[in-house]
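Here are my notes on the model, as promised. Have a look at the structure first, then go through the points below.

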Amino acid sequence: MWWRDAVLYQIYVRSFADANGDGHGDLAGIRSKLDYLEWLGVDAIWLTPIHPSPNADWGYDVSDFHGVHPDYGTLDDLDALVADADARGLKVVLDLVPNHTSNEHPWFSDPDKRDWYVWADEPNNWTSTFGGTAWTKHPEVGRYYLHNFLPEQPDLNWWNQGVRDEFEETLRFWFDRGISGFRIDVAHALIKDADLRDNPSVGKAKDRREERVYNMNRPEVHEIYRRWRAIAREYDPERVLLGETWVPSLAELAKYYGNDDELQLPMIFSFTLAHLDADEQREIVEGAAQAFPEDAWPVWCGSNHDIVRFPTRWCAGDEAKIRCALMLLLGLRGTPILYYGDELGMEQVDIPEDEQLDTAHSRDGARTPMPWTSTADHEWWIRHGDLTRNVEDMRADEMSTLWFTRELLDVRRAFPPAMTTLDTPEGVWAWRRGDGYVVALNLSDRPRAVKGVQGSIRLDTGLARIGEEATGTLRLAPWEGAVVGN
């Protein structure tokens with residue numbers, strides 16, 4: 001179960017590293033940065049979709065599940081990346097988009113595969129996640145097809161055995177090439193109600209996801225993941241299934257673990273979307289521990305390609321808060337995911353309206369180029385953000401957030417799996433990892449003290465107290481955190 005000890009690093013491929021100077025990232029670029037990732041101390045890289053795509057939704061509209069987009073390289077380039085990563089002890093996880101295809105996928109225009117998609121004579125009340133109706137009339141077919149996202153992303157019909165067989169073949173195709181697992185896009189949404197019943201209305205004040213009773217989170221989806229997990233177990237080491245599971249209820253989310261025979265890592269978005277608040281996030285983490293099966297392993301993230309980056313959303317660019325958030329993500333029991341640039345405190349970029357490229361709703365600001373140096377080497381597909389937080393300068397400064405993240409990644413390797421919350425004053429969250437370590441965070445604007453803590457400070461968010469002894473009481477300044485070891 002290698003994923004229990006791993007830190008995943010999500011790479012938005014188009015924006016990470018450009019090897020050929022054409023203005024967007026590629027597989028060869030990622031390969032050129034493996035030494036950096038090894039130095040940083042992550043264990044696996046998750047690549048956003050690398051497959052051929054018309055890019056209506058920037059790769060999440062796939063036109064060939066067995067290929068590589070020419071912007072990124074070739075299958076040989078991917079094989080070389082996997083081999084070089086493996087030589088450094090890094091695993092490669094790909095994004096899989098099984099809910100829908102591009103409308104330019106050959107399946108969608110093949111009359112013999114018409115039932116591979118969801119069709120209706122008249123639309124029901126389902127709405128697209130991107131706004132408006134989820135149904136578009138096909139002029140040649142004369143019926144409406146379902147698209148829970150853009151009209152260019154028709155939903156697949158997972159009641160069709162041909163679809164299931166095709167994706168099982170796709171899993172094996174990539175697993176056989178050495179891919180260590182998949183992050184599964186909208187993993188909760190594959191199965192739709194067979195009768196296409198209207199969704200209920202819960203009112204404007206409530207979570208709109210509660211309305212998606214019939215077009216998402218159907219119980220039959222678990223059958224698919226039991227089959228996929230069995231396939232993952234055919235390989236050594238076992239391949240990982242990381243689910244993008246937008247499920248508001250922790251009890252409902254717990255079902256995606258199954259009896260340790262479905263997803264190993266369903267994502268907990270209630271944590272990601274919470275505020276950087278001790279009580280709020282502790283309630284979610286402890287609630288997950290109570291709701292999930294006893295041996296279930298949680299996964300935590302603060303940023304990704306769809307939401308505002310946590311250094312902006314949680315921390316408003318405040319360096320002390322950014323380091324507290326990193327200590328939170330990397331100190332909890334579970335598997336953390338860092339989004340590229342999180343280790344720098346990379347913020348969301350304000351993209352002017354006339355430059356926005358995302359046709360769904362603008363997520364461009366979370367997808368800007370990785371700042372490797374203080375100057376842009378050439379023009380990219382999208383503008384750069386703040387280049388004062390860049391790898392070159394921060395790697396040269398051992399007091400930087402980049403070095404703090406590297407040290408934190410090293411310290412967390414010694415944490416035992418167990419986690420026990422400690423009694424703390426208001427605004428503070430502290431927990432014990434096994435018997436040997438305490439992680440304590442003061443997420444407030446006032447100095448606080450945590451009692452019952454003894455040992456040596458192994459790491460603090462200011463990188464100024466390492467080696468200091470805590471003799472029963474650990475004092476923390478506002479927005480300060482520390483790891484104490486016996």
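**Notes on the fold and the cysteines**

1. The chain has 13 helices and 17 strands, where helices (H or I, at least four residues) and strands (E, at least two) are DSSP runs numbered from the N terminus. Bear in mind that this is a predicted model: local features need pLDDT of at least 70 and side-chain atom pairs pLDDT 80 or more, while totals for chains, interfaces and linings use all residues. Residues are numbered from 1 along each chain as its sequence is written, and side-chain values use heavy atoms, without hydrogens and water.

2. Of the 486 residues, 59% are buried, meaning under 20% relative accessible area (1.4 Å probe, protein chains only). Among contacts (heavy atoms within 4.5 Å) with a separation of 6 or more, 67% join residues 24 or more positions apart.

3. Now the cysteines: the count is 0 disulfides, a disulfide being a pair of cysteine sulfur atoms within 2.5 Å. For C301, the nearest cysteine sulfur is that of C315, 14 Å away. C324 also has the sulfur of C315 as its nearest, at 8.2 Å. C301 is buried at 2% relative accessible area, and C324 is buried at 0%.

Conventions:
Buried < 20%, exposed > 50% of the residue type's maximum accessible area, 1.4 Å probe, protein only.
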